[in-house]
Amino acid sequence: MTGQLPPIDIAKHAAAKAASALVETGMKVGLGTGSTAAFLVKCIGERIASEGLDITGVATSTATAKLATDVGIKITTLDEARWLDLTIDGADEYDADFNLIKGGGGALLQEKIVATASDRMVVIADATKKVDTLGAFPLPVEVLGFGMKTTQMLLEEMLEGLDVMGNRAVPRMKGEALFVTDEGNHILDLHVGRIGNARQLALVLNQVPGVVENGLFIDICDLIITGHGDGSVETRDINSGDQTKSGPELAEHDNVFADISE
Ligand code: 5RP
């Protein structure tokens, strides 16, 4: 079951492990989606097995719900939980003001609903996700299938008048077919290059008919935990302004998760 983790996974695991320490018995916890969030789910599963941590999770995708169940996390619906103590999730990009691009894994809609329904949202990420200006990562927008080509055209026209560097809205594919989200919708990835005003863009995108939600998370994230390839982590809290550094703890670590399938 052993094998060395590559530096990128050491970084993701370090951030996930640090975030898992924020989880306390009795909490209702939003569980994100993606490879970094998968490390988190496994770290929480380890704590359940080793110390009897007792939490209830709300998953942001069917993939996360399955993994969480596999590692022993009780899963409920957001309707049942209503409000969460904490959500921990990955990100595709984050800036110095804690604005995020999310949705690379196609789960942005549930992720945004769950994160917004939480007292605190923590982002876990490797250092490559930190950017000066959002937008190099194509911005995912979840759209209805009905009239999708019209929605695409309207989005491209609208982007021409905004502070961005590109306006192509590209349908996300899975093989030969359109990618389908957990809600049965599709994704248009906006190749905007650079987002001059993320707050404005987040607001206006949702005005276009057919748009269900966009992947800009503004004023949602409270804490960012950044992992590095040497196993060290940095945390930044937007509310207190606190910054900490710790580690490395896992630089020479075996892949303790090799026996749990992704
Ligand atoms: C899924 C997401 C993910 O959080 C984002 O894509 C980051 O994923 P990873 O941790 O695999 O880099 O938004 O919709």
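Modeller: This is a predicted model. Start with His-186, which has 13% relative accessibility and therefore counts as buried.

Biologist: Why is His-186 called buried?

Modeller: Buried means under 20% relative accessible area. His-186 stands at 13%, so the label buried applies.

Biologist: In which strand is His-186 found?

Modeller: His-186 is in strand 12, which covers residues 186–191.

Biologist: What makes Val-141 a residue that His-186 touches?

Modeller: Contact means heavy atoms within 4.5 Å. Val-141 is on the list of residues touched by His-186, and so are Glu-142, Val-143 and Met-148, among others. That list leaves out residues up to four places away in sequence.

Biologist: What makes the pair of His-186 and Phe-179 a polar contact?

Modeller: The cut-off for a pair of N or O atoms is 3.5 Å. A polar atom of the His-186 side chain lies 2.8 Å from the backbone oxygen of Phe-179.

Biologist: Now the largest pocket. How much space lies in it?

Modeller: About 330 Å³. Its lining has 22 residues, and Thr-33 and Ser-61 are among those nearest its centre.

Biologist: Which helix gives the most to the lining of the largest pocket?

Modeller: Helix 3, with six residues.

Biologist: How do you know that both domain 1 and domain 2 take part in the lining?

Modeller: Each of the two supplies at least three residues to the lining of the largest pocket. By class, that lining has eight nonpolar, ten polar and four charged residues.

Definitions and conventions
Residues numbered from 1 in each chain as written. Predicted model: local features only at pLDDT ≥ 70, side-chain atom pairs only at ≥ 80, totals over all residues. Heavy atoms only, no water. Helix = DSSP H or I, 4+ residues; strand = E, 2+ residues; numbered from the N terminus. Buried < 20%, exposed > 50% of the residue type's maximum accessible area, 1.4 Å probe, protein only. Polar contact = N/O pair within 3.5 Å; in protein donor to acceptor, adjacent residues only side chain to side chain. 1 Å grid on protein atoms, 1.4 Å probe; cavity = no way out; pocket = protein on both sides within 12 Å on 5 of 7 lines; lining within 4 Å. Points joined across faces, edges and corners; volume = space filled by probe spheres on them. Nonpolar A, V, L, I, M, F, W, Y, C, P; charged D, E, K, R; others polar. Domains from an automatic or database assignment.
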